Amino acid sequence: MSIKPRLLLADLDPSTGRILLDTPVAALLEVELVRSADELVSAVGQAERSVLVLSQELPGVEGTKLLRRVMAMDPGLIVIMTSESGRIGDAVEAMAVGAADYLPKPLSARELDRKLTRALSLSHMRRTLQSAARAPTSATALGELLGRSRSMEAVRYLVSQIAAGGASSVLIEGETGTGKELVARAIHESSARRQGTFLQVNCAALPPALVESEVFGHEKGAFTNAHERRPGIIESAAGGTVLLDEIGDMPLEAQPKLLRLLEQRTFRRVGGLEELRADVRVIAATNVDLAEASTTGRFRPDLLYRINVVRIQLPALRDRLEDLPGLVAHFISRFNASAHRSVSGIANRALAALEEYAWPGNVRELRNAIESAFMLHPEMTELRLEHLPAAVRGEVPAGRARSSLVSSGPVQLTESERRLILDAIRRAKGNQSKAARMLGITRFTLRYRLRKHGIECGDAAALAQ
């Protein structure tokens, strides 16, 4: 049985089929051709398809009436309407009836490929939403790591291997919002430690003086306001897993104690003399370059080598856009359930806007954008362009371009941004991590901007002239 998406081509003109087969996406499809309205209705009634390319001039029934009929038979079918007339009125009428897109003839292979690719994304999303509505289930921890891209398949494979193995230390790297905590929880809940406790501490969210106490605990009188003995998360998560988030911000004073914990499985509370044993898996997460931090004295090299026993690199959302439709479907389904709503899916223009946005906040930003639409538009039955945040719609004022870059927010890829990046790299003498800090963005975001502008760091000084 084929696992390819099934496309139904309803057209009497043989040239349409030849053009379709010239598109790159055709290799990913199982294509079936019908030449009349009766054949089309029979085919739709017999099996489920992903996409229908329907000619307005198909013999048997007027095009719009036929469209209504097949949409009633299969509401999840994505339809691209074609017409020899090319009249605006035909396009408007087809879209009003329920077509996802419209193409005038003669067809362009390039344009057909673009619209088919988007139609397949919409189809996958709609089918996912329909399945969730029919049989809502609670996902496993590993199942929450969504995405069909190769990069996410690799992440899930690593998580399953780590969970089954005995590696005591794991390093998860990735930009803000890529799901580092989700991966850490998946490792814990898929492992033999799942009956134990999962605890975490964000090293960047606490004053440096409190990080050591939060991780290792403290004795009564160890410092001002230490009125009683308090165990830290290492002690409290015995038999379980500890996530040290933003490990790059752990104070240097606490790093030797963590190194000792990882090497000898022992630690002392702050102000204590007793050696305590620790039976925990330590997972460290970071969105900074720890190798660079170790060369500048902000992170101990020996600790870096010790926590980097097994490394997982999480991809940015903009580098796995093929996962976007599935993620959108997942969040729509989740908010439908929690808010008792029945949002059916996403409009073409809205999906296009999501695909064209850079997503500096990654999956977290996508989730927030969809949640915001649910909250601000209680009447919404389909996620449309106007429901999305202004930044995602590309409506950020040009005057905010520089401040947006500094805050890792949405940035238009303009010449002014290019000059700003070049100037930072020139002043950093080609050091990407240093240039990223100057700009107030992560190294991963800077690399994305460099690729978009076609900038090579080695040539930055010359390019900036």
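A salt bridge is a side-chain nitrogen of Lys or Arg within 4 Å of a carboxyl oxygen of Asp or Glu. In this predicted model, the count by that rule comes to 22 salt bridges.

**Asp 101 and Lys 115**
- The side chains of Asp 101 and Lys 115 form a salt bridge, with 2.9 Å from N to O.
- Asp 101 belongs to strand 5 (residues 101-104) and Lys 115 to helix 5 (residues 109-134), so this pair ties together parts that are 14 residues apart in sequence.
- Asp 101 and Lys 115 are both buried, which means that each has under 20% relative accessible area.

**Arg 6 and Glu 30**
- Arg 6 meets Glu 30 in a salt bridge whose closest N and O atoms are 3.3 Å apart.
- This pair links distant parts of the chain, since Arg 6 sits in strand 1 (residues 6-10) and Glu 30 in strand 2 (residues 30-34), 24 residues apart.
- Arg 6 has 30% relative accessibility and therefore counts as partly exposed.
- Glu 30 also counts as partly exposed, because its relative accessibility is 30%.

**Glu 275 and Arg 268**
- A salt bridge joins the side chains of Glu 275 and Arg 268, at 2.8 Å from N to O.
- Glu 275 counts as partly exposed because its relative accessibility is 33%.
- Arg 268 has a relative accessible area of 33%, so Arg 268 is partly exposed.

Technical notes: Residues are numbered from 1 along each chain as its sequence is written. This is a predicted model: local features need pLDDT of at least 70, side-chain atom pairs count only at pLDDT 80 or more; totals for chains, interfaces and linings use all residues. Side-chain values use heavy atoms; hydrogens and water are left out. Helices (H or I, at least four residues) and strands (E, at least two) are DSSP runs, numbered from the N terminus. Buried means under 20% relative accessible area, exposed over 50%, partly exposed in between (1.4 Å probe, protein chains only).
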